[in-house]
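Let's take a friendly walk through a protein model, looking at rings, strands and an open space. Keep the 3D view at hand and find each residue as you read.

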Amino acid sequence: QVQLVESGGGLVQAGGSLRLSCAASRRTFSIFASGWFRQGPGKEREFVSGISWSGGTTDYVDSVKGRFTISRDNAKNMVYLQMNSLKPEDTAVYYCAAAPNSNIHRTYSQEGEYSYWGQGTQVTVSS
């Protein structure tokens with residue numbers, strides 16, 4: 001069992017930046033692949049970015065490539081999402097997730113592949 005807590009969300013103007021953080025309660029988080037999902041108003045939750053537990057492989061949905069960067073610090077049991085050049089369509093609740101029993105070099109993009117989820121943090125981008 002792993003508890004995940006997101007932080008760093010808030011209100012920002014279009015073109016601005018935010019850095020989301022996800023803190024895990026257990027050191028075993030360091031061997032779990034991790035990811036970020038988001039759910040905008042009236043939309044289903046969608047994959048945003050994933051990172052292998054080694055940190056050596058990353059993946060992004062096309063709409064955020066070149067703007068968002070996922071990273072992790074296993075020594076601190078933390079995963080991050082740096083979001084630059086934010087757009088109003090990025091407005092959503094962002095969720096951190098973790099996948100046990102994951103391949104050391106693989107990322108995961110399906111909700112069903114993740115076992116643990118944080119409570120979410122709101123990101124609002126104004127025009």
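Tyr-114 is buried, because its relative accessible area is 5%, under the 20% cut-off. The model you are looking at is predicted. Another buried residue is Phe-37, which counts as such because its relative accessibility is 1%.

By the ring-pairing rule used here, there are five aromatic pairs. In one of them, the rings of Phe-32 and Tyr-116 have centres 6.2 Å apart and planes at 10 degrees, so this pair is stacked. Phe-32 sits in the loop between S3 and strand S4 (33-39), while Tyr-116 belongs to strand S10 (residues 116-117); the two are 84 residues apart, so to speak distant parts of the chain linked by a pair. Phe-32 and Tyr-116 are both buried.

Now return to Phe-37 and Tyr-114. Their ring centres are 5.3 Å apart and their planes stand at 85 degrees, so this pair is edge-to-face. Here too distant parts of the chain are linked: Phe-37 is in strand S4, and Tyr-114 is in the loop between strand S9 (92-99) and S10, 77 residues apart. Both residues belong to one aromatic cluster, together with Phe-47 and Trp-117.

Here are the two pairs side by side:

| Pair | Centre distance | Plane angle | Type |
|---|---|---|---|
| Phe-32 and Tyr-116 | 6.2 Å | 10 degrees | stacked |
| Phe-37 and Tyr-114 | 5.3 Å | 85 degrees | edge-to-face |

Next, look at the strands. Strand S1 (residues 4-7) has a covered face with Leu-4 and Glu-6, and an uncovered face with Val-5 and Ser-7. S1 pairs with strand S3 (residues 18-24) in the antiparallel sense, over four bridges. Glu-6 has Cys-22 of S3 as its bridge partner.

Asn-77 lies in the loop between strand S7 (68-73) and strand S8 (78-83). Is Asn-77 buried or exposed? Asn-77 counts as buried, because its relative accessibility is 12%. Thr-28 is 49 residues away from Asn-77 along the chain, and their C-alpha atoms are separated by 8.3 Å.

Finally, turn to the open space. The largest pocket has a volume of about 170 Å³. Its lining is made of 14 residues, and Arg-38, Lys-43, Glu-46, Glu-89 and Asp-90 lie nearest its centre. Sorted by class, the lining of the largest pocket holds eight charged, four polar and two nonpolar residues.

Notes
Residues numbered from 1 in each chain as written. Predicted model: local features only at pLDDT ≥ 70, side-chain atom pairs only at ≥ 80, totals over all residues. Heavy atoms only, no water. Buried < 20%, exposed > 50% of the residue type's maximum accessible area, 1.4 Å probe, protein only. Pairing = 2+ DSSP bridges. 1 Å grid on protein atoms, 1.4 Å probe; cavity = no way out; pocket = protein on both sides within 12 Å on 5 of 7 lines; lining within 4 Å. Points joined across faces, edges and corners; volume = space filled by probe spheres on them. Nonpolar A, V, L, I, M, F, W, Y, C, P; charged D, E, K, R; others polar. Phe/Tyr/Trp six-rings, centres within 6.5 Å; stacked < 30°, edge-to-face > 60°.
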